[in-house]
Amino acid sequence: MNVIPSRSTCSACGTSPVNHRLFRALSVFDEVLAKTLGRLSAVLNSPHEQAVAHTLYGWLTSLFHAFGLVTFNTDPSRAASGRSELVWHEANRRGIRMEQLVFRGKHLEQYRAQVDDRWFYFDSIPVPPRLMREDTSWIDDKLLLAKRLHEHGLPTPHARCVTSWGDAEEAFHTMTKPVIVKPRRGSRGRHTTTRIGTLAELRTAYDLAQEIARELVIEEHLFGSVCRATVVGG
């Protein structure tokens with residue numbers, strides 16, 4: 001979940017600055033929720049973990065709204081990013097009602113759209129309801145994504161998840177330098193440091209990433225071109 005800072009910007013957040021404390025708290029909540037839902041899905045033998053999470057998120061939002069903690073913004077100009085504003089204008093063009101969540105006065109990079117009389121919640125880019133019935137939650141987890149790619153024979157850098165400086169230092173000594181430090185979840189390269197070759201640089205990168213996340217990923221730095229593909233309508 002992305003949160004617009006109330007006053008200042010942050011160079012480490014790039015073009016999509018967030019409120020560090022709130023973002024970190026929400027990332028920890030996401031960690032706990034993901035682990036809880038994973039265990040629950042295993043017990044219930046249900047593959048629909050993402051759909052359950054979506055339903056639970058809707059309930060929590062309604063509860064926070066009832067207590068006055070969450071309100072809804074209908075002005076697209078307050079969108080947290082350019083791409084979200086673009087999605088919002090397209091939703092309006094198609095007659096789809098869209099709103100932005102505002103938590104205690106802070107505009108979030110979290111939205112909801114009303115389709116077929118149902119509210120669907122999403123971060124910046126809407127997810128088709130059919131995908132919520134599939135196991136796609138791992139795509140947003142950088143460590144799990146790397147493991148899935150490796151399992152399918154795609155070259156991936158050696159990566160480890162760390163939650164303490166001791167873990168980070170140990171991981172650093174096992175990897176080919178330079179390395180990268182980044183939050184395990186999140187996007188747009190927020191608080192990510194590349195080309196780390198010394199322990200001093202690692203410490204700086206670790207502290208920077210810890211500002212917005214508890215779980216971090218340390219991975220070997222790969223050199224080469226970056227290619228992206230966007231699939232629209234299948």
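Reply: Read along the sequence, the protein follows the pattern α-α-β-α-β-β-β-α-β-α-β-β-α-β, which comes to six helices and eight strands. These are DSSP runs numbered from the N terminus, with at least four residues (H or I) for a helix and at least two (E) for a strand. The model is predicted, so local features need pLDDT of at least 70 and side-chain atom pairs count only at pLDDT 80 or more, while totals for chains, interfaces and linings use all residues. Residues are numbered from 1 along each chain as its sequence is written, and side-chain values use heavy atoms, leaving out hydrogens and water.

Of the 234 residues, 36% count as buried, that is, under 20% relative accessible area with a 1.4 Å probe and protein chains only. In soluble globular proteins, nonpolar side chains tend to be buried together. A nonpolar core is a set of buried Ala, Val, Leu, Ile, Met, Phe, Trp, Tyr and Cys residues joined through side-chain atoms within 4.5 Å.

The largest such core has 21 residues, of which Val-162, Val-179, Val-181, Ile-196, Leu-202, Leu-216 and Ile-218 touch the most other members. Two or more residues each come from helix H5 (165-173), strand E6 (179-183), helix H6 (199-210) and strand E8 (216-220). H6 gives the largest share, four residues.

Leu-216 shows the surroundings of one member. Beyond its neighbours within four places in sequence, its contacts (heavy atoms within 4.5 Å) include Val-162, Val-181, Pro-183, Tyr-206 and Ala-209. Apart from this core lies another, of eight residues, among them Ala-80, Trp-88, Met-98 and Phe-122.

Technical notes
Buried means under 20% relative accessible area, exposed over 50%, partly exposed in between (1.4 Å probe, protein chains only).
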